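Hi everyone, thanks for coming. Let me put the thing up on the screen, and then we'll walk through it together.

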Amino acid sequence: MTGDSEKHSYLRQVDKSPAPYFYIKTSLEYEGRGLETDSLQLKHVIMQSMTEVFGQVGASDTVDVLKLSASGEALLRVPSRSFVKLWGALTLFGKYNGLPCVFRVQQVSSSLMSLSCNSRTWDIPAMS
Amino acid sequence: MVRLKHRYFLAEIIFPDGRRLQRNIKSNDVYFSVREALHAAYGDYGIGVLKSSLMVKYLNKDTHMVIVRAKRDFYRLAQAALTFVKKIGEHDAFLNTLHIGGTIRACQKFLIRHHRQHLPLLYQECDTQEERDNVQLMLLSSCVDMETFSKKTEEKERSLSEIAGESLT
């Protein structure tokens, strides 16, 4: 790029190839209790929910827990062909070890970058 | 309106402990074992999608042949589930799918042909002379059936060609 006016312009990148992965930001909530999950247990719960709804064939899709923050928010990565299945399974999941629980899906995206900020959970210091 | 279409699976039940034993299997046992396998493989989704159409249409207790029906939109799920069957009733068994057809009639046709082809194999398995005679008789009768069948088709073709020849002259 040349010229002064274009010096500070942003470079727009558009990717039109099929998205290999989808990313889901979610948290697991138990009824009445706070969030207490470690990544291993979370993965187990997810596999269980997939097996329940879509059986062993459905559970054979790879689901990765990329990150589990201290606040209980988990970042899942899933191949785009099984993305809808995973979302459906998370929605229909209702009980783990007899405890009623629920998956709250906060945000969903085909690129990791767009999950870095969410206007819904944006905490403005001056407002609070 | 469009008719709801089905797929029919013709399968033979194979018992690992030999097929000569007489076993008391009900078509309900087959149905439930297929349903269990479907549930294990495809979960609640598979059951929900196929339960309305899954049905055992035919069960032969002597030859261990079954015809299972499934909705055509999702017949591949049922096809996969059939291979995962491990137990029927209280017997260890699995299903060997021989033919997939759109109608029961097509499956029956295939079944007859299949049996005819496998008669010589049965002859090899015979132990006593009586059994051998029996199988030989069956072989002969099936050949006679085929002969009359081919004769009939020949006649039909001949008459057809005659009619065609007449119309030409």
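Let's start with a quick one: is Ser71(A) buried or exposed? Ser71(A) is exposed, because it has 8 other C-beta atoms within 10 Å. The cut-offs are these: a residue is buried if 20 or more other C-beta atoms lie within 10 Å of its own, exposed if 12 or fewer, and partly exposed in between, with the C-beta atoms placed from the backbone.

Before I go on, some housekeeping. This is a predicted model, where local features need pLDDT of at least 70 and side-chain atom pairs count only at pLDDT 80 or more, while totals for chains, interfaces and linings use all residues. Residues are numbered from 1 along each chain as its sequence is written, and chains are lettered from A and ligands numbered from 1 in the order in which they are written.

Okay, back to Ser71(A). You'll find Ser71(A) in the loop between strand S2 (64-68) and strand S3 (73-79) of chain A. When I say helix or strand, I mean DSSP runs numbered from the N terminus: H or I with at least four residues for helices, E with at least two for strands. Between Ser71(A) and Glu36(A) there are 35 residues in sequence, yet C-alpha to C-alpha they are 9.3 Å apart in space.

Now zoom out to chain A. Chain A has two helices and five strands, and from the N terminus the order goes β-α-β-β-α-β-β. Its radius of gyration is 18 Å, well over the 14 Å from the globule rule for 128 residues, so chain A is more spread out than a compact globule. That radius is taken over C-alpha atoms, and the rule is 2.2 Å times the number of residues to the power 0.38. Along the principal axes, the C-alpha trace of chain A spans about 65 × 40 × 20 Å. Of its 128 residues, 19% count as buried.

One more stop in chain A: Asn97(A). Asn97(A) has a positive phi of about 55° although it isn't a glycine. Most residues other than glycine have a negative phi. Asn97(A) sits in the loop between strand S4 (95-96) and strand S5 (99-109) of chain A, and with 8 other C-beta atoms within 10 Å, Asn97(A) is exposed.

His64(B) is partly exposed, because 19 other C-beta atoms lie within 10 Å.

So what does chain B look like overall? Chain B has four helices and six strands, in the pattern β-α-β-β-α-β-β-β-α-α. The radius of gyration of chain B is 21 Å, well over the 15 Å the globule rule gives for 169 residues, so chain B too is more spread out than a compact globule. The C-alpha atoms of chain B fill a box of roughly 65 × 55 × 20 Å along the principal axes. Chain B is divided into domain 1 (6-114) and domain 2 (126-168), with bounds from an automatic or database domain assignment. The centres of those two domains, taken over C-alpha atoms, are 32 Å apart.

Next, the helices of chain B. Helix H1 (residues 27-50) of chain B has 24 residues, but its end C-alpha atoms are only 17 Å apart, short of the 34 Å a straight helix would reach at 1.5 Å a residue. The expected span is 1.5 Å times one less than the number of residues. H1(B) bends by about 130° at Tyr42(B); the bend is the angle between axes fitted to the seven residues ending there and the seven starting there. Tyr42(B) is also one of the buried residues of H1(B), which include Val30(B) and Leu50(B).

What about helix H3 (residues 104-125) of chain B? Its 22 residues should span 32 Å, and its end C-alpha atoms are 30 Å apart, which agrees. H3(B) bends by about 40° at Leu119(B), and a proline, Pro120(B), follows within four residues.

Last thing, how do the chains meet? The contact takes eight residues from chain A and eight from chain B, where contact means C-beta atoms, placed from the backbone, within 7 Å. That's me done, thanks!

Key. Contact = placed C-beta atoms within 7 Å.
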